[in-house]
Amino acid sequence: MHALRLLADRDLRLTEAPPPPPPGPGEVQIAMKAVALNHIDVWGWRGMAFAKRTLPLTVGAEAVGEVTSVGEGVTALRPGQRVVPYGGMTCGTCKHCLAGRDNLCENVAGVRGFHVDGFAQGLVNMPARLCVPVPEGVSLEDAACASITFATVQHMLFDNAKLEPGETVLVHAAGSGIGSAAVRMAKAIGCTVIGTVGDEEKAEKARALGADHVVNYNVDRFESIARRVTGKRGVDVVFEHVGAATWQGSLLSMKMGGRLVTCGSTSGVSAETNLMMLFQRQLRLIGSFGATVRNVAEGLDKMAQGIRPVLDSVLPLDRFEEGLARLESRRVFGKIVVTL
């Protein structure tokens, strides 16, 4: 079978690999159909000192496929069914897993495509409990964006930030995969959305997505626009994943008692925080990492209801590295999906 393997930093090769054995008890075997690209793929491709892994490694952390066979004891899934696999290798037995908080697993063995072999290969065996059926009417390309992109946004905005209809939300990097999904999810419940982007072309696309106000952060100060739009009150929620470059402005954009939820630090991991402003304005800062299997299902349900991911492009497997380079340079609006 084909497998896209990372042999060394920035050295991806399409190779032939032996197929996995038949699925064991509680497992399903999946023929992979599409993989969506994320920054975790970029980090793994260019090399991260903190990552405990052994190369070569099959890449691909977010994907969709079709069940080809099921192991003993599997009754909830059947051959021919389209499924989205959950990339976190969770134990399923700790208190957090049993409570449905998969992303807090005490014994997680890594993330597929980053720490251990991922989904960019012909066949993959997975625990059935970590596979979510794809609803009718959702395309494979859209479903490929469920397990990281839509699930992460669902977890950030609704589990953590508790976004309510009618609130105002500042969405950073509205042209990114999760940023564009956040715009659509927030607009779907009647929120006012302020989006930040890096150029005028992306600004036009963000407006077309439904963003009510769009700020080119290379021209204007987004915190000034956020306060002007809200009559100096500030926004209810900040959707943060940029990190150091936007951190102080994000805090200044918030209303009294506002909530900031963050899942990333692509511009740097360290930033100064005005502690006096933090406690005097009673701001709430919420860290959010990954998502749960339930969030994957919720994201797929939203796709079935018409809230679709923004697809920048769909590429064949042999152009996976080209997609990573585009994502690294931010020459993308929405998601890049690679078909197998």
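**View 1. Pro-85 in strand β6 of the predicted model**. Strand β6 spans residues 82–85, and Pro-85 lies within this strand. The relative accessibility of Pro-85 is 0%, and because buried means under 20% relative accessible area, Pro-85 counts as buried. Leaving aside residues up to four places away in sequence, Pro-85 touches Ile-30, Met-32, Ala-63, Val-64, Phe-119, Met-126, Leu-130, Cys-131 and Ser-147. Leu-252, which is 167 residues apart from Pro-85 along the chain, has its C-alpha atom separated from that of Pro-85 by 39 Å.

**View 2. The largest nonpolar core and the surroundings of Val-169**. This core has 81 residues, and those with the most contacts inside it are Val-28, Val-169, Phe-239 and Phe-320. Helix α4, which covers residues 146–160, gives the most to this core, with seven residues. Among the residues that Val-169 touches are Leu-163, Ala-186, Cys-191, Thr-192, Val-193 and Ile-194, together with Val-237 and Phe-239, when residues up to four places away in sequence are not counted.

**View 3. A second, separate core**.

**View 4. Lys-205 in helix α6**. Lys-205 is found in the helix formed by residues 200–209, and because its relative accessibility is 35%, Lys-205 counts as partly exposed. Ala-174 is 31 residues apart from Lys-205 in sequence, whereas the C-alpha atoms of Lys-205 and Ala-174 are 9.3 Å apart in space.

Definitions and conventions
Residues numbered from 1 in each chain as written. Predicted model: local features only at pLDDT ≥ 70, side-chain atom pairs only at ≥ 80, totals over all residues. Heavy atoms only, no water. Core = buried A, V, L, I, M, F, W, Y, C linked by side-chain atoms within 4.5 Å. Buried < 20%, exposed > 50% of the residue type's maximum accessible area, 1.4 Å probe, protein only. Helix = DSSP H or I, 4+ residues; strand = E, 2+ residues; numbered from the N terminus. Contact = heavy atoms within 4.5 Å.
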